Amino acid sequence: MVVTDTLYSVFTNKCTRCHEGEIFTEKNPYQLRKMFSMHQHCEHCNLKYEREPSFFTGAMYVSYGLTSGWFIICFVLQTYLLQWNIYLFLGVFLTFIIAIAPLNLRWSRIFWLSFFFPFDKTLQVAKK
């Protein structure tokens with residue numbers, strides 16, 4: 001299934017086409033000096049990650065969607081469960097968004113890659 005394949009890649013930071021190779025050079029997303037550092041190719045299936053200059057510019061739209069989704073979830077929690085003061089809510093939300101920003105960057109890039117290079121089961125069969 002496409003959704004589960006994509007989510008697997010997102011949460012393991014593996015290649016979207018083969019689910020074997022690492023996408024980012026550093027496993028820790030909070031190592032801020034290497035946050036944007038990606039491998040050029042997948043070491044397993046040889047997929048070139050950045051197909052053209054500024055390929056990941058489109059990942060900004062995915063990042064915007066993810067951040068909007070986080071806001072909607074937090075807003076619903078605030079409205080129906082928490083009912084905090086608006087300033088407290090905004091402070092907690094902004095802190096949360098800043099804290100999750102490195103993960104959001106990685107997730108948006110992997111989602112963007114999966115739009116163009118979905119999981120290919122034949123690569124798994126060829127490996128065995």
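The largest nonpolar core has 25 residues, and Cys15, Ile23, Cys42, Leu47, Tyr49 and Leu113 have the most contacts inside it. Such a core is a set of buried Ala, Val, Leu, Ile, Met, Phe, Trp, Tyr and Cys residues joined through side-chain atoms within 4.5 Å. This is a predicted model, in which local features need pLDDT of at least 70, side-chain atom pairs count only at pLDDT 80 or more, and totals for chains, interfaces and linings use all residues. Residues are numbered from 1 along each chain as its sequence is written, and side-chain values use heavy atoms, with hydrogens and water left out.

- Leucine 113 touches Thr16, Ile23, Tyr49, Phe55 and Phe56, not counting residues up to four places away in sequence; contact means heavy atoms within 4.5 Å.

**Helix H1**

- The buried residues of H1 are Asp5, Thr6, Ser9 and Val10, where buried means under 20% relative accessible area, exposed over 50% and partly exposed in between (1.4 Å probe, protein chains only).
- Seen down the axis of H1, these buried residues fall within an arc of 135°, so they line one face of the helix; the arc is that of the directions from the helix axis to the C-beta atoms.
- An α-helix has 3.6 residues a turn, so residues three or four places apart point the same way.
- The buried residues of H1 pack against H3, whereas the face turned away from the buried side carries the exposed residues Val3 and Phe11.

**Asparagine 13**

- Asparagine 13 follows H1 and has a positive phi, near 60°.
- This residue lies in the loop between H1 and H2 and is buried, with a relative accessible area of 15%.
- Asparagine 13 touches Gly21, Glu22, Ile23, Phe24, Arg106 and Ile110, leaving aside residues up to four places away in sequence.
- Asparagine 13 and methionine 35 are 22 residues apart in sequence and 13 Å apart in space, C-alpha to C-alpha.

**Other positive-phi residues**

- Most residues other than glycine have a negative phi.
- Asparagine 46, in the loop between helix H1 (2–12) and H2, has a positive phi of about 65° although it is not a glycine; asparagine 46 is exposed, at 55% relative accessible area.
- Serine 54, placed in the loop between H1 and H2, has a positive phi of about 65° and is exposed, at 53%.

How values were computed:
Helices (H or I, at least four residues) and strands (E, at least two) are DSSP runs, numbered from the N terminus.
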